Amino acid sequence: MSFPTVVFYVLSAILIFAGLRVITAKNPVHAALYLVLAFFTSAGHWLLLESEFLAISLVLVYVGAVMVLFLFVVMMLDINFEKLREGFWKNAPLAGTVGLIMVGEMVLILMSPEASLGSYKGAAPLAADASNIRELGRLIYTTYLWPFELAAVVLLVGMVAAIALTMRKRKDTKFVNPGDQVVVRRDDRVRLVKMAAVKRSEPVAEAESADQQA
Amino acid sequence: MDMKSLYLLIALAPLAGSLIAGLFGWAIGRRASHVVTILGVAVSAVLSLKVLSGFISGQTEVFNGSVYTWLTVGGHEYAVGFLVDKLTAMMMVVVSCVSLMVHIYTIGYMQEDPGYQRFFSYISLFTFSMLMLVMSNNFIQLFFGWEAVGLVSYLLIGFWFKRPTATFANLKAFLVNRVGDFGFLLGIGLVLAHFGGSLNYNDVFAAAPALANKTIQIFPGVEWSLMTVTCILLFVGAMGKSAQFPLHVWLPDSMEGPTPISALIHAATMVTAGLFMVSRMSPLFEMSDTALNFVMISGTITALFMGFLGIVQNDIKKVVAYSTLSQLGYMTVALGASAYSAAMFHVMTHAFFKALLFLGAGSVIMGMHHDQDMRNMGGLRKYMPITWITSLIGSLALIGTPFFSGFYSKDSIIEAVAASHLPFAGVAYWALIIGVFVTAFYSFRMYFLVFHGKERWMENHGAHHGHDDDHDDEEPSTDHHHGLGPNDKPHESPWVVTLPLLALAIPSVLIGFFAIEPLLFGDFFKGAITIDALKHPGMHELAEEFHGPVAMAVHALSTLPFWLALSGVVVAWFFYLKAPQIPAAIKQQFSAVHKVLENKYYLDDLYFNLFAKGARALGTLFWKVGDMLLIDGLMVNGTAKLVGVFSRLTRKLQTGFIYSYATTMIIGVLGLMTLWFAGIILR
Amino acid sequence: MNWADLNLVPVMPEIFLISALSVILLLDLFISDAKRGITYGLSLLTLAGTAALQVYTFEPYAQYTLSNMFVADPLASLVKLAMYGATAMILVYSRQYAADRDMFKGEFFTLALFALFGMNVMVSASHFLSLYMGLELLSLSLYALIALQRDSVPATEAAMKYFVLGALASGLLLYGMSMVYGATGTLEIAAIAKSIHGGSANQLLLVFGLVFLVAGLAFKLGAVPFHMWIPDVYQGSPTAITLMIGAAPKLAAFVFIFRILVQGLDGLTGDWQSMLAIMAVLSMAIGNITAIAQTNLKRMLAYSTISHMGFLLLGLLAGNEQGYSSALFYAVTYVLTTLASFGVIMALSRAGFECDKLEDLKGLNSRNSWYAALMLLTMFSLAGIPPLVGFYAKFAVIKAIVDIGLVKLAVFAVAMSLIGAFYYLRVVKHMYFDEVQDTSPIVVRGDMQLVLSLNALALLVLGVLPERLIEICVEAMKQSLTVL
């Protein structure tokens with residue numbers, strides 16, 4: 001067994017363990033951290049395939065951005081995970097059965113001689129000075145220009161959607177606009193009312209109406 | 001204008017008139033309605049005459065082509081198409097010309113009717129349908145025309161739909177025709193199934209010779225000749241439409257419709273549709289002697305026994321109606337004797353003189369203020385001279401007076417039957433000979449009762465008033481229509497009525513003389529009508545004996561039919577003018593026979609009790625057991641209950657929780673996977 | 001790839017659309033809520049311009065460009081034009097509706113146009129990558145649109161459900177695509193087809209991938225058992241958005257399936273035919289039967305959609321030109337019918353009132369006989385009653401499967417349509433024979449009234465004169481099939 005093979009199996013074992021723990025861990029923060037572990041081991045797989053750039057971007061994007069965000073959410077929202085997990089053991093048998101059958105079938109199919117996965121040879125090793133990034137860049141800006149542009153549009157939609165869904169003006173806010181305060185004039189706030197010097201016959205009503213005017 | 005658009009114009013002009021009068025009649029008024037419909041029919045008539053003259057002079061070619069593809073189902077194309085040959089051209093002329101006369105006549109006849117525009121719309125629609133029927137080049141369109149004329153006939157018989165007798169009559173006509181149409185449709189079905197899958201006449205005729213000896217099994221073990229079964233089924237359709245025994249019962253009742261209709265539809269054109277169809281199908285009928293024999297039997301019974309019924313009728317229109325039945329029987333016998341051209345010849349002459357007689361009768365009825373009972377008439381010749389003369393011409397033509405048109409066609413039929421070698425031809429011949437006497441007798445009985453003798457409306461009116469109620473005009477306000485009062489005088493009808501009478505009288509006299517030679521013994525119908533000369537040499541033998549119309553007429557003076565007709569006239573004169581007590585005595589003496597005749601051989605009662613009541617009983621049974629129990633109870637409500645249970649169940653599956661939805665999806669994938677890889681997984 | 005080779009002409013409509021969209025996005029920032037009509041007008045103008053470019057750049061054959069990732073063929077052009085029309089109609093229908101519900105904002109229009117752009121990409125994709133990008137673009141826009149009404153609990157719930165299940169379906173789809181990639185070594189549809197026909201592809205892997213692909217596709221279409229999202233999302237979303245989900249995307253999904261299954265996996269026709277058959281049968285049965293038990297109009301129409309998608313699958317599984325073109329005809333006319341039916345629902349709704357229950361339609365005829373008549377047309381068309389276009393669509397599909405000998409399937413389909421007719425006719429019964437419950441006046445903008453009337457009458461006109469559209473569908477299909 002060559003060294004890369006050993007590394008592959010070790011990484012895979014960790015990956016599967018981490019994946020299982022993501023579902024079974026009681027503490028959501030632990031679950032998230034196990035997910036981080038799973039990403040790291042997947043990145044290791046990329047490295048084995050000589051795709052250094054993908055390995056790095058997996059770590060940067062998923063671990064650096066997605067999971068950090070996720071941890072924030074978990075910590076900020078006080079979600080009662082115990083309650084969410086209530087039905088877990090009740091549904092576990094069915095879920096487990098379905099999952100196991102699924103896995104079993106897939107293994108049987110892919111392992112069957114007809115699948116002949118053995119006939120797939122690995123890609124030829126790259127030269128020592130080959131640059132992943134340069135190749136990717138070249139492809140992205142030439143052959144894969146269209147999907148690349150589309151990806152940009154998808155991101156734009158994501159932005160628009162995020163803004164549309166989250167940006168809102170609260171109506172009950174106590175926010176004060178200093179600009180408004182500065183440009184205010186005396187007439188806006190104060191009004192002088194001329195009062196008659198002599199009291200008339202219905203002083204009470206007069207006073208009330210004066211009050212209202214003020 | 002090319003021929004295709006010319007033919008289209010011929011067919012569509014009446015339709016346009018009909019639509020305008022029918023849909024906008026309320027807006028454009030009476031006058032515009034009849035102008036527009038008459039214009040449409042006149043266009044058809046003029047163009048049809050042009051087409052016919054083209055054929056006679058040899059300039060026009062036979063046209064056969066589709067005009068519009070209606071639908072395509074599984075490789076079968078159903079098109080609206082025209083087949084215009086000489087047979088068609090002749091029918092087109094007959095239909096459009098008689099229709100034109102009737103249109104003009106209607107202006108006078110329906111003058112006071114509130115349904116004036118509706119009536120014009122109907123008769124124009126009829127003209128369109130009839131033209132489509134005769135011009136068709138395929139069975140589908142034929143069937144369309146067939147049903148369309150049936151529909152218009154139904155509408156027109158029940159035109160005065162407030163009269164119970166009229167609605168009964170139109171229902172009867174409709175139901176009896178249904179029986180015939182059912183046979184017809186089965187026949188078309190057989191054609192579609194066995195004749196190469198096409199419904200075009202030409203394809204069918206081309207496929208027919210190869211199928212001459214083909215047999216089919218309808219009941220297991222019994223082999224029937226395909227051609228015979230097909231032809232008989234098609235003829236069943238003709239029996240309904242052309243009122244042949246035993247499906248003739250609707251025609252006398254159809255006289256409930258206004259008289260112009262009786263002339264146009266129930267004498268001149270629609271009832272000949274069946275005969276036309278059989279002539280068109282002559283290539284098929286020629287292959288089956290059995291079918292021809294069947295045709296002949298049906299025709300013979302109609303020709304003779306319906307004539308007898310004409311003798312005992314007192315309603316002037318009923319007399320003409322039974323005479324029509326009897327004449328249709330003559331034509332049918334001719335078809336059976338393979339004398340298609342003679343039949344079509346008689347169709348043509350009969351169309352003119354019978355329309356004339358009907359319109360004459362209508363004129364009389366108008367003169368009598370809508371009293372139709374001949375016992376109240378008499379001596380009308382003084383008051384209605386034109387009607388009198390034209391009716392006399394019509395009657396003379398009908399009984400086959402030499403040189404009149406009816407003589408040539410009727411005599412040809414009798415001769416053709418005599419020359420036929422079919423087993424039943426001998427019986428048919430004698431039946432027709434007797435029929436000649438009967439025809440002459442009832443025709444002149446009517447003629448003498450109406451136009452000669454005492455002026456009976458003064459004395460008899462009160463006595464027969466009750467009897468006539470059925471025939472009174474619909475409107476309650478027009479009480480004076482109950483017939484003439486003792487002091488009223490009949491008056492001649494207006495020119496719109498007499499003009500058609502005169503116009504129809506001319507061909508009634510002349511057309512036979514001029515048309516017999518080309519039509520029967522020339523090659524006018526060559527290509528349109530096929531006769532198997534080896535098996536049915538009748539017409540050929542006749543042609544050899546024919547030496548011109550004058551010789552034929554002179555020769556007839558020494559033959560039996562002429563003397564029988566003459567004696568019929570004399571007997572009628574003697575009975576009804578000279579010694580009116582004799583018929584009463586005979587009636588007394590042979591009251592049983594008279595009763596049978598008066599009840600139309602009890603066929604109506606038989607049909608009513610057997611079929612109508614039986615069908616109702618069967619219907620009730622089906623309704624109770626089939627509908628109420630099986631369909632409503634088990635199928636409809638049962639299904640609904642089942643569906644309800646099921647839908648509540650599926651609604652339960654829709655829990656509203658994402659995870660259950662996701663699970664469903666996963667299980668779906670799993671299911672698909674398992675189904676497709678079961679083999680691999682199980683291994 | 002060389003820049004000089006870059007042929008952008010076939011992509012002109014898309015480029016124009018996305019450019020105009022960006023302009024609207026920016027301009028909208030400077031438009032106050034009161035003047036939002038400007039954004040509305042600009043959006044309609046954009047649609048008109050795109051459609052004009054689409055017609056202008058039309059060629060009667062398939063043009064490949066952008067490294068064979070984009071194809072402009074007659075099928076794409078036809079479907080795109082239909083989608084522009086549908087989107088424009090939705091905008092017209094939802095103007096008042098959105099204004100009444102505080103949704104008449106810039107995002108409403110931009111997201112709708114983004115969704116349209118995504119559909120355009122899907123329809124014109126000749127590569128799994130662009131197919132997938134288009135799909136995600138569409139889905140993302142739709143998720144956001146549903147959630148746009150932030151304070152509505154049902155809408156948020158619907159968005160969440162659609163999002164999670166959509167992500168799952170995307171995963172299935174991607175998994176299937178990767179399997180196909182593994183088997184054939186390419187993501188380009190034409191190359192995949194070639195590889196399968198050449199026999200060099202691993203059949204087992206292909207079929208394995210196919211199972212997942214079909215599952216993902218069926219989700220988009222809403223075929224059983226991947227249909228669960230449809231009723232909840234249809235009901236929960238604001239009606240305008242329901243229409244955006246239910247109309248044009250069905251067309252895009254149809255082409256999507258066509259490109260993957262017919263153009264790409266042509267060699268596996270036997271396999272996907274049976275898969276589609278199973279799903280078609282289940283969809284027609286469950287869709288029609290469950291619809292009967294519904295009291296909510298939108299939910300009922302959702303189940304009706306499921307059953308109609310079953311019918312659409314029938315046309316596809318016929319596996320020949322006749323079947324595909326009948327399915328295309330079915331999709332186009334179905335979209336037209338859906339537009340009209342939801343259009344009427346929106347016309348009858350008003351501020352603070354959703355006309356989404358069956359009983360809300362009671363006695364509609366006496367309130368406003370014109371809208372009752374329009375609804376009648378759409379219901380008859382959905383039920384497949386001649387002479388409305390729904391009848392011809394069903395007829396064409398059934399004829400296609402009878403022609404390939406699947407008579408039992410055809411009989412089943414007819415039986416299910418009969419069951420379906422029940423609930424459509426129940427709507428008619430409510431409108432015409434029941435007592436009025438709600439007597440408030442129906443106020444509809446003039447332009448919407450006009451467009452909606454034309455829309456519903458088109459169902460009748462197309463039903464009487466369907467030949468032209470059928471011809472166009474057949475012609476478009478013929479071109480797309482000759483590429484193979």
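This is a predicted model: local features need pLDDT of at least 70, side-chain atom pairs count only at pLDDT 80 or more; totals for chains, interfaces and linings use all residues.
Residues are numbered from 1 along each chain as its sequence is written, with chains lettered from A and ligands numbered from 1 in the order in which they are written. Local features need pLDDT of at least 70 and side-chain atom pairs count only at pLDDT 80 or more, while totals for chains, interfaces and linings use all residues.

Me: Is C:Leu66 buried or exposed?
Reply: C:Leu66 lies in the loop between β1 (63-65) and β2 (70-72) of chain C. Strands (E, at least two residues) and helices (H or I, at least four) are DSSP runs, numbered from the N terminus. A residue is buried if 20 or more other C-beta atoms lie within 10 Å of its own, exposed if 12 or fewer, and partly exposed in between, with C-beta atoms placed from the backbone. Because C:Leu66 has 23 other C-beta atoms within 10 Å, it is buried.

Me: What is phi of C:Leu66?
Reply: Most residues other than glycine have a negative phi. C:Leu66 is a residue other than glycine, yet its phi is positive, near 55°.

Me: Which loop of chain A holds A:Glu50?
Reply: A:Glu50 is not a glycine, but has a positive phi of about 65°. With 14 C-beta neighbours inside 10 Å, A:Glu50 counts as partly exposed. Its place is the loop between α2 (28-48) and α3 (52-76).

Me: How are α1(B) and α3(B) oriented to each other?
Reply: The axes of α1 (residues 3-57) and α3 (residues 116-135) of chain B come within 9 Å and cross at roughly 170°. Axes are lines fitted to C-alpha atoms, for helices over the stretch in contact, and angles run from 0 to 180 degrees between N-to-C directions. Angles under 35 degrees count as roughly parallel, over 145 as roughly antiparallel, 65 to 115 as roughly perpendicular and the rest as oblique. Therefore α1(B) and α3(B) are roughly antiparallel.

Me: What is omega for the peptide bond from C:Pro386 to C:Pro387?
Reply: C:Pro387 sits in the loop between α16 (369-383) and α17 (389-403) of chain C. The bond from C:Pro386 to C:Pro387 is cis, with omega near 5°.

Me: Is B:Ala210 buried or exposed?
Reply: B:Ala210 is in the loop between α6 (201-207) and β3 (215-217) of chain B. Since B:Ala210 has 10 C-beta neighbours inside 10 Å, it counts as exposed.
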